[in-house]
Amino acid sequence: MAVGAEQTRRTWWLLSPALLTVGFFMVLPMVILLVFSFMEADPYGGVDPGFTVEAYVQLLFERDFDDTLAYTGIYLGIIWRSIALALVATVGSLILGFPVAYYIARQNTRTQNLLLFLVTLPFWTNLLIRTYAWILILSTDGVIEQPLKAIGFLDGTLDMMYSNGAIAIGLIYTYLPLMVLPIYASMEKLDFRLIEAASDLYAGRYRVFREVIVPLSTPGIVAGCILVFVPSLGAFVAPDLLGGGRKLMLGSLIHLQFASSRNWPFGAAIAMCLLAIVMIALMLQARSSARRRAMEVA
Amino acid sequence: MVEDGRTAIDIRNVRKVYGSGGGAVTAIERASLDIADNEFFTLLGPSGCGKTTLLRLIAGFEATTEGEIFLYGDEIEDLPPFKRPVNTVFQHYSLFPHMTVAENVGFGLKMLGRPKAEIGEAVERSLSLVKMSDFARRKPSQMSGGQQQRVALARALAPNPKVLLLDEPLSALDLKLRQAMRNELKTLQRETGITFVFVTHDQEEALTMSDRIAVMSNGLIQQIGSPLDIYERPLNRFVADFIGDTNFVEADIASVEGGVATCQSAGGLEMRAAVVDGHGVGDRVTLALRPEKMSLAASANGGAATPGRIESADYLGTSTSYKVMLDGGVTLAVREQNPVDASTVLAAGDAVHVSIPVGTARMLVD
């Protein structure tokens with residue numbers, strides 16, 4: 001018994017650095033946000049003591065001057081747009097990133113390292129500056145429009161800026177490397193002789209892709225999709241700059257609440273909402289992959 | 001067998017060069033051969049001789065630089081691998097790790113769009129052919145190398161290809177398993193009636209299984225023939241050297257009579273061998289003598305034996321390998337079956353007489 005207790009103490013002692021790190025950097029901020037979301041807003045920023053669910057009520061209802069609640073779809077609309085844009089960004093970077101990862105995985109080691117370096121290169125520059133560059137590209141009379149006008153292909157403007165499309169482009173651009181890297185990692189382990197074996201067994205190019213390459217890189221695809229979807233959902237740089245604040249996303253909305261609106265509890269409540277969406281998405285993913293595994297066994 | 005007449009694969013003047021310009025590597029210099037329907041044909045040679053390249057050209061994984069390949073009379077040059085009615089058993093099996101054994105075996109037929117019932121039947125038939133029926137639900141990672149090898153075989157057989165290509169399929173197995181698989185492959189080929197093209201660097205494998213063998217080296221086919229032909233009547237030095245052990249003796253043709261040349265070696269050793277086209281009296285030729293065709297005796301016994309002395313004797317269990325220095329200065333390797341009483345085996349330093357039966361010496365082209 002004594003040995004058991006000693007053992008337990010030892011285990012906790014050895015675990016403590018990890019527990020402290022997770023607790024301090026991950027659990028504590030979350031708990032603070034959760035607590036804030038149930039407190040009263042201080043008009044000058046920060047929170048005032050007292051328990052209230054006002055912040056969550058605000059998500060769905062507007063309080064009139066006479067204190068009656070009226071349903072409002074503004075925030076649900078923002079949540080919906082955020083999910084939709086994050087999905088578009090995920091699918092878009094999957095379509096763009098998959099062939100890139102495949103191409104890199106088929107090169108020799110030296111070229112692979114060079115190409116991987118190039119993929120991560122944008123990370124070395126500030127995100128804000130890179131997003132400003134996209135404004136130059138997409139704006140009226142910008143890098144895209146001017147040449148088109150010069151050759152007489154375009155009359156007027158494409159009006160690309162400050163749209164959902166511009167935000168999606170910004171998100172795809174920002175998070176594409178997070179799609180390429182995990183897919184590359186699982187493809188790098190792929191035995192390319194299997195492709196030969198499949199084509200020997202009457203599989204054409206598409207069937208080889210569908211039956212061999214995609215199933216064997218599924219772990220990377222799933223990881224890449226999560227890594228793109230989750231931050232896209234909470235992104236605020238691309239929506240702010242390319243959406244011009246006209247097309248709010250969850251990230252920008254939260255940012256707004258903590259900065260200019262000075263409604264910290266509401267910001268915290270939206271953040272909790274975002275967290276819930278992400279958790280649900282991950283749970284759905286886990287369940288579908290579990291079902292797939294169960295089907296394979298059967 | 002060859003006599004059936006129908007040609008399964010006709011390779012005409014095929015040449016394969018990888019790369020271009022200064023960095024070009026010639027894998028196949030020039031190759032022409034016919035493989036008959038229902039034949040067990042082996043491409044034999046050391047690594048880098050071009051045998052695997054030739055197999056890959058038939059499968060369609062590589063394109064020929066020059067020449068044509070016909071499959072049952074049809075030119076297949078323009079067909080991608082997935083349109084050629086040939087299947088391959090790969091050296092490293094290359095089973096799909098995310099599929100069960102049954103799915104692996106059924107893959108080819110599924111790609112051909114066959115109905116499910118037919119696929120199920122074919123999978124069962126193929127698996128029972130290789131005695132792997134109990135493993136249908138396993139994943140490749142849950143099986144040993146030998147089992148994976150059988151599944152790979154079943155997978156290639158399931159679509160019932162006209163030709164089965166086997167790329168050193170036994171090289172990754174241990175010795176006992178390899179020997180057992182040899183017999184099974186041979187039986188399988190006879191039962192299915194499928195033409196087998198087998199690539200190996202193992203001469204024993206080639207000799208035991210094949211109807212015919214093509215010996216390759218440096219991108220050239222050195223000789224095509226039955227195992228007996230290849231071993232007993234090697235055409236050139238490479239074939240004689242690569243298959244089995246051989247003594248090479250340089251000799252001059254002293255006289256030719258009725259197609260048989262009497263040759264004189266440096267040490268005064270006289271041997272008779274069938275003359276090869278292009279050689280005549282006075283030419284210096286190479287003669288090949290298999291060690292096991294000659295015999296040793298302690299005394300001359302009145303026969304036409306050549307005296308000499310044993311330089312070394314290596315006991316090999318079933319036989320003993322001797323190095324004998326003949327009195328004339330020629331050294332010969334001779335292999336003798338070990339007698340019932342193994343203590344009577346000759347030893348180094350013993351004086352012996354070597355008898356070389358007529359027909360032992362083979363004159364080589366080069």
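What follows is a chat about a predicted model with a chain A and a chain B.

Q: What helices and strands are there in chain A?
A: Chain A has 13 helices and four strands.

Q: And is chain A compact or spread out?
A: Chain A is more spread out than a compact globule, because its radius of gyration is 24 Å, well over the 19 Å that the globule rule gives for 298 residues. Along the principal axes, its C-alpha atoms fill a box of roughly 85 × 75 × 40 Å.

Q: How much of chain A is buried?
A: Buried residues are 36% of the 298 residues in chain A.

Q: What about its surface, which atoms supply it?
A: Chain A exposes about 17400 Å², and carbon and sulfur atoms supply 70% of that.

Q: Take Met26(A). Which helix is it in?
A: Met26(A) is in helix α1 of chain A, which covers residues 2–37.

Q: Buried or exposed?
A: Met26(A) counts as exposed because its relative accessibility is 53%, and the cut-off for exposed is over 50%.

Q: Switching to chain B. How many helices and strands?
A: Chain B has eight helices and 20 strands. Its C-alpha atoms fill a box of roughly 75 × 50 × 45 Å along the principal axes.

Q: How much of chain B is buried, and what is its accessible surface?
A: Of the 366 residues in chain B, 48% are buried. The accessible surface comes to about 16600 Å², with 48% of it belonging to carbon and sulfur atoms.

Q: Which residues touch the most other members in the largest nonpolar core?
A: That core has 80 residues, and the ones touching the most other members are Leu171(A), Ile9(B), Leu33(B), Leu43(B), Phe96(B), Phe107(B) and Val163(B).

Q: Which helix gives the most to this core?
A: Helix α7 of chain A, residues 164–188, gives the most, with eleven residues.

Q: What does Ile9(B) contact, leaving aside neighbours within four places in sequence?
A: Its contacts include Leu33(B), Ile58(B), Phe70(B), Val163(B) and Val197(B). Asp34(B) is also in contact with Ile9(B).

Q: What other core lies apart from it?
A: Another core has 33 residues, among them Val89(B), Leu127(B), Ala156(B) and Leu170(B).

Q: New topic: how many salt bridges over all chains?
A: The count is 27. In one of them the side chains of Glu211(A) and Lys110(B) meet, at 3.3 Å from N to O.

Q: Why does that pair join two chains?
A: Because Glu211(A) lies in helix α9 (residues 205–216) of chain A, while Lys110(B) lies in helix α2 (residues 101–111) of chain B.

Q: Are those two residues buried or exposed?
A: Glu211(A) counts as buried, at 14% relative accessibility. Lys110(B) counts as partly exposed, at 42%.

Q: What about Arg30(B) and Glu66(B)?
A: Their side chains meet in a salt bridge, 3.3 Å from N to O. Arg30(B) is in strand β2 (residues 25–36) and Glu66(B) is in strand β4 (residues 66–71) of chain B, so the pair ties together parts 36 residues apart in sequence.

Q: And Arg150(B) with Glu184(B)?
A: Those side chains also form a salt bridge, at 2.9 Å from N to O. The pair links distant parts of the chain, with Arg150(B) in helix α4 (residues 145–157) and Glu184(B) in helix α5 (residues 175–192), 34 residues apart.

Q: Which residues are joined into one network by salt bridges that share partners?
A: Arg15(B), Glu29(B), Arg30(B) and Glu66(B).

Methods: Residues numbered from 1 in each chain as written. Chains lettered and ligands numbered in written order. Heavy atoms only, no water. Core = buried A, V, L, I, M, F, W, Y, C linked by side-chain atoms within 4.5 Å. Buried < 20%, exposed > 50% of the residue type's maximum accessible area, 1.4 Å probe, protein only. Contact = heavy atoms within 4.5 Å. Rg over C-alpha atoms; globule rule 2.2 N^0.38 Å. Areas by Shrake-Rupley, 256 points an atom, 1.4 Å probe, with all protein chains shown as cover. Salt bridge = Lys/Arg side-chain N within 4 Å of Asp/Glu carboxyl O.
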